Amino acid sequence: AVVSTQSTGYKTKLRERRRAERRKEKDSELDFPMPSSADQMSIQKFFMEQVQLGEEKLGMGDNLGACKHFAAAVMNCGQGYQLLQILQSTMPPDAYKMFMEYLPKAQAKYSRVMINKGGAGPVPGMRPGPAAASQPKPSNDRVIAEEAVD
């Protein structure tokens with residue numbers, strides 16, 4: 001009697017472990033900062049920090065890191081469409097392309113997190129889905145410091 005060294009249970013467990021690792025890796029790719037408080041001053045401070053951190057990451061060549069911080073800034077910005085226009089004119093084309101591919105995924109995760117927290121659904125100043133960049137939605141619910149727009 002020959003005993004197989006690889007049982008079907010082993011293969012199944014290995015597949016499950018690899019799937020879990022891929023899911024975890026995909027989820028960590030979508031980890032981005034969230035504001036700790038919902039008051040306007042905290043959100044404004046958070047927005048400014050995220051823009052600054054995004055610029056620093058971009059300067060270091062960390063495009064994914066920059067995408068995460070810029071996405072957090074866009075999602076916590078009352079004028080998300082205007083910020084997208086500024087980012088498009090200031091970011092290198094390859095980094096902006098990566099950002100525009102990352103943003104809809106981040107928006108979806110942001111919405112899921114907010115719904116799970118019992119917060120508001122869609123991202124302020126943005127329309128949900130991949131067409132967000134091409135469809136402006138005016139929003140006056142938050143005021144952004146003049147320095148952020150310059």
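## The K57–D62 pair

K57 forms a salt bridge with D62, and their closest N and O atoms are 3.9 Å apart. A salt bridge here is a side-chain nitrogen of Lys or Arg within 4 Å of a carboxyl oxygen of Asp or Glu. Side chains of opposite charge can pair when their charged atoms come close.

How exposed are the two partners? K57 counts as partly exposed, at 25% relative accessibility, and D62 is partly exposed too, with a relative accessible area of 31%. For these labels, buried means under 20% relative accessible area, exposed means over 50%, and partly exposed lies in between (1.4 Å probe, protein chains only).

## How to read the model

You are looking at a predicted model, where local features need pLDDT of at least 70 and side-chain atom pairs count only at pLDDT 80 or more, while totals for chains, interfaces and linings use all residues. Residues are numbered from 1 along each chain as its sequence is written, and side-chain values use heavy atoms, leaving out hydrogens and water.

How many salt bridges does the structure hold? There are three, so let's meet the others by name. E49 pairs with K45, the closest N and O atoms being 3.5 Å apart. Both residues sit in helix α2 (residues 40-59), four residues apart, which is about one turn of the helix. E49 is partly exposed at 34% relative accessibility, whereas K45 is exposed at 55%.

Now look at helix α5 (residues 93-117), where E101 and K97 are also found four residues apart, about one turn of the helix. Their salt bridge brings the closest N and O atoms to 2.7 Å. E101 counts as partly exposed, with 44% relative accessibility, and K97 is exposed, with a relative accessible area of 51%.

## The whole protein

Stepping back, the protein has six helices and zero strands, giving the pattern α-α-α-α-α-α along the sequence. Helices (H or I, at least four residues) and strands (E, at least two) are DSSP runs, numbered from the N terminus.

Of the 150 residues, 35% count as buried. Among contacts (heavy atoms within 4.5 Å) with a separation of 6 or more, 62% link residues 24 or more positions apart. The protein exposes about 9,700 Å², and carbon and sulfur atoms supply 54% of that area. Accessible areas come from the Shrake-Rupley method with a 1.4 Å probe; for residues, only the protein chains shown count as cover.
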